[in-house]
Amino acid sequence: MPAIDNPTEKTLAELGLTEPELVARQFASVREQFDKELLAKPGDEASYTQMKNAWLGRKSGVLTAITEKWLKPAAPALKPIVGQSLNELKRHIESNLESFRVAAEKASAATAAAREQIDLSLPGVQRPIGSRHLIRQVFQEIEDIFFSIGFSVVEGPEIETPYYNFEALNIPEYHPVRDDMDTFYLELPKGAPGPLLLRTHTSPVQIHTMEKRQPPVRVIVPGKVYRRDNPDATHSFMFHQIEGLAVDNDITFCDFTGTIDYFVKQFFGEGVKTRFRPSYFPFTEPSVEFDASCIFCGGSGTAKTGGTCGKCKGAGWIELFGAGMVDPAVYGFVNYDPKKVSGFAFGIGIDRLAMLKCGIDDIQVFFQNDVRFLKQFP
Ligand code: DAH
């Protein structure tokens with residue numbers, strides 16, 4: 001009922017309704033009001049509850065107000081007609097509200113059913129399945145090659161002490177080679193033992209491994225390494241290496257070069273030749289740099305389309321990675337007897353190898369995670 005001029009706020013006498021006919025008309029208008037309100041409501045369950053409270057609510061419903069204001073104080077002569085009209089009105093409201101409720105319930109069940117209905121002819125939701133990153137794939141491929149000749153995989157920490165990253169690898173402080181391996185040092189809480197750094201190569205895991213195991217040792221170590229390099233097409237402050245280490249009491253330089261040659265042929269193809277050149281690393285003696293015959297021009301130095309091969313710059317050879325026979329000084333750090341053991345080590349840059357194998361000319365694409373790139377290596 002509208003708040004303005006609400007007739008249920010007054011008694012029938014105050015409204016001037018003293019004749020039964022007028023009373024009946026008044027009830028008819030209330031009923032009309034109810035019908036109008038109900039018709040205007042959306043047919044949902046919330047409307048039902050709201051109408052029920054408004055009209056039948058015990059405390060402030062319209063029928064309660066009518067009982068209090070119209071029935072109770074009614075003149076004795078009018079009471080029967082007021083009582084009868086009120087009962088009729090109540091029955092009308094109750095039965096109409098009940099029909100409204102049933103209809104509302106049906107409607108909400110119908111919308112729920114419609115919502116839940118599955119249209120099997122619709123295409124399904126396509127969830128793209130990711131693939132392994134090219135770097136992971138190359139790791140796996142290299143690991144498989146070394147598994148096949150008796151190596152196993154070990155891993156080591158990316159946060160290192162200078163002892164493992166440098167000293168135990170025969171790189172004392174102030175050794176010039178440290179200039180090439182400038183790295184990130186960790187900010188440590190005051191009083192914490194330090195310094196700690198992000199490893200610049202996987203070589204420290206050689207030391208961890210030899211500290212824990214006695215020869216024979218044949219391991220490879222895949223992992224991330226860090227350097228303070230500015231990013232460009234061939235440099236990144238984080239990249240990937242696989243370290244290799246084989247130590248036993250009878251390992252020769254021939255075992256070394258034969259192993260590397262086997263690996264390179266497995267990885268790049270049987271037709272690829274290898275060669276090594278003298279080089280320098282503090283933890284190997286002698287040290288070498290391995291090259292493969294250029295996989296783009298077949299080692300001829302001439303591009304297939306004529307002219308100088310742009311990849312090897314006409315040399316016919318492409319530099320692969322560093323390696324060497326383990327320097328006896330390193331054995332001293334891990335309590336191996338340098339007179340009894342010998343071995344070789346190598347450190348393969350994975351990003352570089354992946355770039356060579358797949359003809360990628362910018363290392364940054366590995367770290368940008370552009371799906372258009374990733375999708376080319378499913
Ligand atoms: N640790 C070297 C680097 O990151 C790579 C390397 C060279 C590793 C020779 C070796 C090795 O094990 O024998 O530059």
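Buried means under 20% relative accessible area, exposed over 50% and partly exposed in between, with a 1.4 Å probe and protein chains only. The views show a predicted model, in which local features need pLDDT of at least 70, side-chain atom pairs count only at pLDDT 80 or more, and totals for chains, interfaces and linings use all residues. Residues are numbered from 1 along each chain as its sequence is written, and side-chain values use heavy atoms, leaving out hydrogens and water.

View A. Helices (H or I, at least four residues) and strands (E, at least two) are DSSP runs numbered from the N terminus. Arg178 has a relative accessible area of 16% and is therefore buried. A polar atom of its side chain lies 3.0 Å from the backbone oxygen of Ile171; the Arg178 side chain also reaches the backbone oxygen of Pro172 at 3.4 Å.

**View B. Packing of helix H6 (residues 134–147) with helix H11 (residues 350–358).** The axes, lines fitted to C-alpha atoms over the stretch in contact, are 10 Å apart. The angle, taken between N-to-C directions on a scale from 0 to 180 degrees, is about 95 degrees. H6 and H11 are therefore roughly perpendicular (65 to 115 degrees). Contact (heavy atoms within 4.5 Å) involves residues including Phe139 of H6 and Leu353 of H11.

**View C. Helix H3 (residues 45–56) against helix H5 (residues 79–116).** Their axes come within 9 Å and cross at roughly 165 degrees, so H3 and H5 are roughly antiparallel (over 145 degrees). Among the contact residues are Trp55 of H3 and Phe100 of H5.

Conventions
Angles under 35 degrees count as roughly parallel, over 145 as roughly antiparallel, 65 to 115 as roughly perpendicular and the rest as oblique. A polar contact is a pair of N or O atoms within 3.5 Å; within protein, one must be able to donate a hydrogen and the other to accept it, and residues adjacent in sequence count only if both atoms are side-chain atoms.
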